[in-house]
Amino acid sequence: GVSTISLKVNGTVRSIRAEPRVTLLDALREYLDLTGSKKGCDHGQCGACTVLVDGRRVNSCLTLAVMSQGKEITTIEGLAKEGGELHPMQAAFLKHDGFQCGYCTPGQILSGIACVQEGHAGSEAEVREWMSGNLCRCSAYPNITAAILEAKG
Ligand code: FES
């Protein structure tokens with residue numbers, strides 16, 4: 001049956017009424033109107049739905065919303081500061097043209113942040129390996145890699 005699920009998204013706790021089988025991706029998009037996280041495949045194969053949960057990247061299409069209660073969820077909507085100053089990873093993607101159509105970009109950026117935070121941005125090869133679960137149909141990969149290496153500083 002339907003129950004209350006409380007999610008802390010981008011620093012704010014919000015409650016939804018949903019079935020326990022609802023995914024974190026659907027909770028974000030359909031219940032909370034946070035449509036920045038994209039549904040590419042809904043099967044864990046494209047990375048368009050990537051968000052951070054307690055600082056670690058997850059495919060939100062493979063994560064149940066109920067399992068994410070009590071954790072810090074970060075989506076693309078939560079990265080820029082109030083006033084609009086971009087997160088350094090967003091700024092680096094802009095500078096290096098790390099996107100073309102933009103559909104995969106939110107997932108790429110969250111995954112890129114995790115790449116740096118978890119220490120996997122030591123080299124171009126390391127970045128490419130870490131980012132291999134985030135597909136880009138426009139094949140902007142060289143620019144995505146350059147952006148992540150720049151954001152690492
Ligand atoms: Fe989740 Fe493709 S929509 S990995």
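View 1. Beyond residues up to four places away in sequence, Asn 143 touches His 96, Asp 97 and Gly 98. This is a predicted model. Helix α5 holds Asn 143. Asn 143 counts as partly exposed, because it has 19 C-beta neighbours inside 10 Å and a buried residue needs 20 or more. Asn 143 and Ala 92 are 51 residues apart along the chain. Their C-alpha atoms are separated by 9.6 Å.

**View 2. Confidence of the prediction.** The average pLDDT of the protein is 97. A score of at least 70 is reached by 100% of the residues. For the complex, the predictor gives an ipTM of 0.98 and a pTM of 0.96.

**View 3. Domain 1 against domain 2.** The domain assignment gives domain 1 as 3-78 and domain 2 as 88-152. Taken over C-alpha atoms, the centres of the two domains are separated by 21 Å. Domain 1 brings 14 residues to the contact, and domain 2 brings 13 residues. On the side of domain 1 that touches domain 2, the elements giving two or more residues are β3 (50-53) and β4 (56-59). β3 gives the most to that side, with 3 residues. By residue class, this side of domain 1 divides into 6 nonpolar, 5 polar and 3 charged.

**View 4. The largest nonpolar core.** This core has 40 residues. Those that touch the most other members are Ala 27, Leu 28, Leu 110, Cys 115, Val 127 and Ile 148. Two or more residues come from each of β1 (3-9), α1 (24-31), β3, α2 (88-95), α3 (105-117), α4 (124-130) and α5 (141-152). The core lies between domain 1 (3-78) and domain 2 (88-152), because both give residues to it. In soluble globular proteins, nonpolar side chains tend to be buried together.

**View 5. Val 127 within the core.** Val 127 is one of the residues that touch the most other core members. Leaving aside neighbours within four places in sequence, Val 127 is in contact with Cys 115, Ala 121, Thr 145, Ile 148 and Leu 149. Among these partners, Cys 115 and Ile 148 are also on the list of residues touching the most other core members.

View 6. How many of the 13 residues of α3 are buried? The count is 11 of the 13, so α3 is largely enclosed by the rest of the structure. The buried residues are Thr 105, Pro 106, Gly 107, Gln 108, Ile 109, Leu 110, Ser 111, Gly 112, Ile 113, Ala 114 and Cys 115. They pack against β3, β4, α2, α4 and α5. The length of α3 agrees with expectation, because at 1.5 Å a residue its 13 residues should span 18 Å and its end C-alpha atoms are 18 Å apart. Just after α3, Gly 119 takes a positive phi of about 75°.

**View 7. Helix α1 on β1 and β2.** The buried residues of α1 are Leu 24, Leu 25, Asp 26, Ala 27 and Leu 28. They pack against β1 and β2 (12-18). Just after α1, Asp 33 has a positive phi of about 60°.

View 8. Most residues other than glycine have a negative phi. Asp 54 is not a glycine, yet its phi is positive, about 50°. Asp 54 sits in the loop between β3 and β4. Asp 54 counts as exposed, because it has 11 C-beta neighbours inside 10 Å and the cut-off for exposed is 12 or fewer. Ser 139 also has a positive phi, near 60°. Ser 139 is placed in the loop between α4 and α5. Ser 139 is exposed, with 10 other C-beta atoms within 10 Å.

**View 9. Gly 78 in the loop between β5 and α2.** The loop holding Gly 78 runs between β5 (72-74) and α2. Is Gly 78 buried, exposed or partly exposed? Gly 78 is partly exposed, with 18 other C-beta atoms within 10 Å. Leaving aside neighbours within four places in sequence, Gly 78 is in contact with Asn 10 and Gly 11. Gly 78 and Leu 24 are 54 residues apart in sequence. From C-alpha to C-alpha, they are 16 Å apart in space.

Terms used: Residues numbered from 1 in each chain as written. Predicted model: local features only at pLDDT ≥ 70, side-chain atom pairs only at ≥ 80, totals over all residues. Domains from an automatic or database assignment. Contact = placed C-beta atoms within 7 Å. Helix = DSSP H or I, 4+ residues; strand = E, 2+ residues; numbered from the N terminus. Nonpolar A, V, L, I, M, F, W, Y, C, P; charged D, E, K, R; others polar. Core = buried A, V, L, I, M, F, W, Y, C linked by C-beta atoms within 7 Å. Expected span 1.5 Å × (residues − 1). pLDDT = per-residue confidence, 0-100.
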